[in-house]
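I opened the notebook to go through this fold piece by piece.

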Amino acid sequence: MKPLSRLLVKRDWRRGERIPRTGGVIIATNHLSWADPVLLSHFLYNNGRWPVILAKAALFKVPFLGRAVTGLLAIPVYRGSAEAANSLNVSAQRLKDGCAILFYPEGTCTRDPGLWPMVGKTGAARLALESGAPVIPVAHWGAHELLPYGEKKPRLFPRKTFHVTVGPPVDLSKYEGRSTHAEVLREATADIMAAITEQLAELRGEKGPETPYDPSRR
């Protein structure tokens, strides 16, 4: 994957030293394109971590990308079924084993008109609060120019740049000792998404929205 990544995009990688080199960790990131799991995996690998991707099952059926995420030992998520909860159980065990879980809290590519992170789902927050694993917010930009969401043919020319930056661990200390009921999970998820948005705003040189896009209200 590394030669392919180098061939497809130029790199603007920042603050990779903020990624813990050992121990279970949750890498929480925004989602723009079917290409970004592969490009982010290269970034994480070059910073000392093998990424275990938690991705929706449909991604495994996409030509080429399906084979790539399978080779990365990704964990498929089947929405609306008992297996959706099982994927979190598998992730929890991987964290105990010291793995780096690459997690997309939005659950799908953003539908925000400005491509900002949407309201997140609570899986990453639940994993973090129940396991105690740190959550590292990572923002990226540029994968959508290489492969826009919904398209299967990449736009190779002109050569795109993949920008990535890493934030400090999300402070979830105020939730310690509290029951992981729905309200707590929503609040913790909002903190995680705000941290990702803050990093993306810096990366883009723009101000992010005060209220994240919520597709369930549209």
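I call a residue buried under 20% relative accessible area, exposed over 50%, and partly exposed in between. The model I am working from is predicted.

**Entry: charge pairs**

I searched the whole structure and found seven salt bridges. I looked at three of them, starting with the pair E206 and R204.

The side chains of E206 and R204 meet in a salt bridge, at 3.4 Å from N to O. How exposed is E206? Its relative accessible area is 42%, so I log E206 as partly exposed. R204 comes out at 16%, so R204 goes down as buried.

Next I took D191 and K174. Their side chains form a salt bridge, with N and O 3.6 Å apart. D191 sits in helix α7, while K174 sits in the loop between β7 (160–166) and α7, so this pair ties together parts 17 residues apart in sequence. I read 23% relative accessible area for D191, which makes D191 partly exposed. K174 has 52% and counts as exposed.

Is R217 buried or exposed? R217 is exposed, at 69% relative accessibility. D214 is buried, at 14%.

**Entry: helix α7**

I checked the length of α7, residues 182–204. What span should its 23 residues give? At 1.5 Å a residue I expect 33 Å, and the end C-alpha atoms lie 32 Å apart, so the two agree. After α7 comes G205, and its phi is positive, near 70°.

**Entry: the core and helix α2**

I then looked for the largest nonpolar core. It holds 31 residues, and those touching the most other members are I27, L40, I53, L102, V138 and F162. Which elements supply at least two residues each? I listed β2 (25–29), α2 (36–46), β3, α3 (65–71), β5 (100–103), β6 (135–141), α6 (143–146) and β7. The largest share of this core is from α2, with five residues.

That sent me to α2 itself. Nine of its eleven residues are buried, so I noted the helix as mostly covered. The buried ones are D36, P37, V38, L39, L40, S41, H42, F43 and L44. Just after α2, G48 has a positive phi of about 90°.

**Entry: helix α5**

I went over α5, residues 123–131, for burial. Its buried residues are G123, A124, A125, L127 and A128. G132 follows α5, and I read a positive phi near 80° there.

**Entry: helix α1**

I picked L7, which lies in helix α1, residues 2–8. L7 has 63% relative accessibility and counts as exposed. I also looked at L7 against R159. The two are 152 residues apart in sequence, yet their C-alpha atoms are 8.8 Å apart in space.

**Entry: the largest pocket**

I took its volume as about 450 Å³. Which residues lie closest to its centre? Of the 22 lining residues, they are V77, F103, Y104, G107 and K121. Two elements give two or more residues to this lining, namely β3 (51–56) and α4 (82–96). The largest share is four residues, and α4 supplies it. I sorted the lining by class and got twelve nonpolar, seven polar and three charged residues.

**Entry: the second largest pocket**

This pocket holds about 380 Å³ of space. I found 17 residues lining it, and V119, G120, A190, M193 and P212 lie nearest its centre. How many of the lining residues are charged? I have five charged, alongside five polar and seven nonpolar.

Definitions and conventions:
Residues numbered from 1 in each chain as written. Heavy atoms only, no water. 1 Å grid on protein atoms, 1.4 Å probe; cavity = no way out; pocket = protein on both sides within 12 Å on 5 of 7 lines; lining within 4 Å. Points joined across faces, edges and corners; volume = space filled by probe spheres on them. Nonpolar A, V, L, I, M, F, W, Y, C, P; charged D, E, K, R; others polar. Expected span 1.5 Å × (residues − 1). Salt bridge = Lys/Arg side-chain N within 4 Å of Asp/Glu carboxyl O. Buried < 20%, exposed > 50% of the residue type's maximum accessible area, 1.4 Å probe, protein only. Core = buried A, V, L, I, M, F, W, Y, C linked by side-chain atoms within 4.5 Å.
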